[in-house]
Every structure is written in structure tokens, then in C-alpha cells.
Amino acid sequence: MIDDIWNCLRRVREAAPLVHNITNFVVMNNTANALLAAGASPVMAHAPEEVEDFVAISGALVVNIGTLSSDWIAAMRLAALKAGAAGKPWVLDPVGVGATAFRSATAAVLVEIGPTVVRGNASEILALADAATEATRGVDSTVSSDLSLEAARRIAAVTGGVVAVTGATDYVTDGRDVHALRNGDAMMGRVTGLGCSASALVGAFLAVEPDPLLATTAALAVFGVAGEIAAENAPGPGTLQLRLYDTLYALDRQALQSRLRLD
Ligand SMILES: Nc1ncnc2c1ncn2[C@@H]1O[C@H](COP(=O)(O)OP(=O)(O)OP(=O)(O)O)[C@@H](O)[C@H]1O
Ligand SMILES: Cc1ncsc1CCO
Ligand SMILES: [Mg+2]
């Protein structure tokens, strides 16, 4: 598995795939920087007039509902439908789903289009599966990722794709197989948008690897290992965020192999 994961990262660095993001105002900059540091090529574009054209020339699409407004929903739908029609992989990050009826309704519409991968924190995955909507309080998770593995499986059964739940342990499932990743660091929760960056990296890896279970596992493995290296001796979240870019940029096979905790 380590060979497969390393090969995914190598191919991202070689191919520099264009990743089209319709994402939130909070994380546009740090998501673009994470993609660049990992070797991909980001574009942030949300005008309904151009999203289909961007999907057509991109290796993958990432749809993130973090700062939703009604104007953006049309663009998200158009882009997701175009990705489906063009056979391009796409990721849904259902930020804060369950917190408001507006977010839940929007996420449901997007899930129905059939994302290749859904990546959320435990509260979001539970809410999305309609298992425990009251567990969502905002955009940060209030429950552990372990509890939402069953919910992830149920979403995968609906989309026919892969679902990832991140937290202290990241789970990735296609509804049958489950990969558990135990890298990362608790301080990662103190930097905004690292979940959004993780989703964007999943997009980059999907652009070079057709198996979504492998692509998602590889992206989260790389992100978790890089985050844990970046957190080492970091005095706080600001340093972690900057070091994370440096670590994604410089990560080598030896560091990945020696640190990876994957079951
Ligand atoms: N307690 C923890 N221990 C180790 N790694 C963690 C922990 N919490 C989060 N992470 C890692 O941080 C990254 C972001 O995941 P998280 O679940 O915090 O996303 P999120 O809640 O969607 O974040 P955001 O909405 O701010 O983007 C993942 O790679 C995850 O593995
Ligand atoms: C803080 C925040 N609010 C809406 S989106 C976002 C970024 C983390 O998801
Ligand atoms: Mg999130």
C-alpha cells in the first residue's frame, strides 16, 4: 500500500493536475496554497457562466459549501452535473451540514448528483446520513470520527462512491472496505480550513488515480503525515499552518513510510 500511496503523490507532482474548486471565502487562499505545495494546480472559480468550462479542462472538481449563498448553489449544481457528464471525478465537502436547513437541503441536492468522494468531519457525516443532525453545532466537529463510520457507509451506499470521515482517526470507505489512518495532530483542528485543504488534496489525487478508495486514502495519508511533521515542536497553530506547506512540498518516501499508520 505504501508504494501505491507514494506513487499517487509522485504522479500529482509530475502531472500538476488542474483542480477546480468552488470553495468558501475563509479557505480560498490556504486551500490554493496546500494544492500548490503538494504539486497540483488550483483554480478557484464560482461564476455559473464559467464553471462548466473549468470542469471541462480540469482533472477534478471540489465543491465546498462553507460559505453558501443561493447564487452559488446553481454554480455548484452545474459544475457537479458537468463533472458527471464528462466523467471527471468530484469531491463534496459538506461544511456545516446539519447546522441549518439551508445547508442540509443543499448538501442533499449535491449528494444526489453522486460525488465521487464525500469528505467531512464526524458531525457532518452523521448529519449527512441523517443519523444525528443535532450533533452538528457549526463547522467544527462535536463527535468522534469512529461514531460516524456507519453513517459513512450509508452515504457510500447512496452515492456509490467513497466517503471519508476525518478526525483523530480518518476513515475512508467505499461501503465495503474501510481504511483507517491514525496520523495527524490534534493541533490541526486549531487552524481553519485544514479539512477543506484535505478535501482539495483528495481532488488532486483523484485527478491522477482512477481508484477513488486508493486516491482518497493516499491524499489523507499524505496530509496526515505532513500535518504531524508540521506540528512537531510547533509553538502554535500559526507555525503549524506555514510548516504544513513546507512539509507537503518536501515530503519524501522515507518520511511517509516510517510515519504512516494505516490499517
Ligand atoms: N485530534 C486529531 N488528531 C489527529 N489529526 C487530526 C485531529 N483532528 C483533526 N485532524 C486532522 O486534521 C485534518 C482536518 O480534519 P478535520 O476533521 O479537523 O476537518 P474539518 O473539521 O472539516 O476542518 P475545517 O472545517 O476547519 O476545514 C485531517 O487531516 C485530520 O486527520
Ligand atoms: C470557519 C468557517 N466558516 C464557514 S466555512 C469555514 C472554514 C472551515 O470550514
Ligand atoms: Mg470541514
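The largest nonpolar core of this predicted model holds 84 residues, a core being a set of buried Ala, Val, Leu, Ile, Met, Phe, Trp, Tyr and Cys residues joined through C-beta atoms within 7 Å. Here a residue is buried if 20 or more other C-beta atoms lie within 10 Å of its own, exposed if 12 or fewer, and partly exposed in between, with C-beta atoms placed from the backbone. Val-63, Leu-201, Ala-204, Phe-205 and Val-222 have the most contacts inside the core. Helix H9 (residues 212-231) gives the most to it, with 14 residues; helices (H or I, at least four residues) and strands (E, at least two) are DSSP runs, numbered from the N terminus. Phe-205 touches Cys-8, Val-12, Ala-215, Ala-218 and Ala-219, not counting residues up to four places away in sequence, where contact requires C-beta atoms, placed from the backbone, within 7 Å.

Residues are numbered from 1 along each chain as its sequence is written, while chains are lettered from A and ligands numbered from 1 in the order in which they are written. Because the model is predicted, local features need pLDDT of at least 70 and side-chain atom pairs count only at pLDDT 80 or more, whereas totals for chains, interfaces and linings use all residues.

Attention now turns to ligand 1. Of the 23 residues around ligand 1, Asn-121, Thr-166, Gly-184, Met-188 and Gly-195 come nearest; a residue counts as near if its C-beta atom, placed from the backbone, lies within 6 Å of the molecule. Helices H8 (194-208) and H9 are the elements that give two or more residues to this shell, and the largest share, 4 residues, comes from H8. By class, the shell has 9 nonpolar, 11 polar and 3 charged residues, with Ala, Val, Leu, Ile, Met, Phe, Trp, Tyr, Cys and Pro taken as nonpolar, Asp, Glu, Lys and Arg as charged, and the others, Gly among them, as polar. Helix H8 itself is mostly covered, as 15 of its 15 residues are buried.

The UniProt record (an unreviewed entry) annotates Arg-119 and Thr-166 as "binding site"; such annotations may be inferred rather than shown by experiment, and feature names are shortened, with positions given in the numbering used here. Although spread over 48 residues of sequence, the two cluster in space, with a largest C-alpha distance of 7.4 Å. Arg-119 sits in strand E5 (residues 117-121) and is buried, because 32 other C-beta atoms lie within 10 Å. Beyond its neighbours within four places in sequence, Arg-119 is in contact with residues including Asp-93, Thr-166 and Ala-198. Thr-166 belongs to strand E6 (residues 162-166) and counts as buried, with 27 C-beta neighbours inside 10 Å.

The unreviewed UniProt entry also lists Met-44 and Gly-193 under "binding site". Met-44, in strand E2 (residues 41-44), is partly exposed, with 19 C-beta neighbours inside 10 Å. Gly-193, by contrast, is buried, with 23 other C-beta atoms within 10 Å, and is placed in the loop between strand E8 (178-181) and H8. Leaving aside residues up to four places away in sequence, Gly-193 touches Val-26, Val-27, Asn-30 and Thr-31.

Finally, the backbone of Asn-233 deserves a look. Asn-233 has a positive phi of about 65 degrees although it is not a glycine. Its place is in the loop between H9 and helix H10 (237-250), and it counts as exposed because it has 7 C-beta neighbours inside 10 Å.

Terms used. Two residues are in contact if their C-beta atoms, placed from the backbone, lie within 7 Å.
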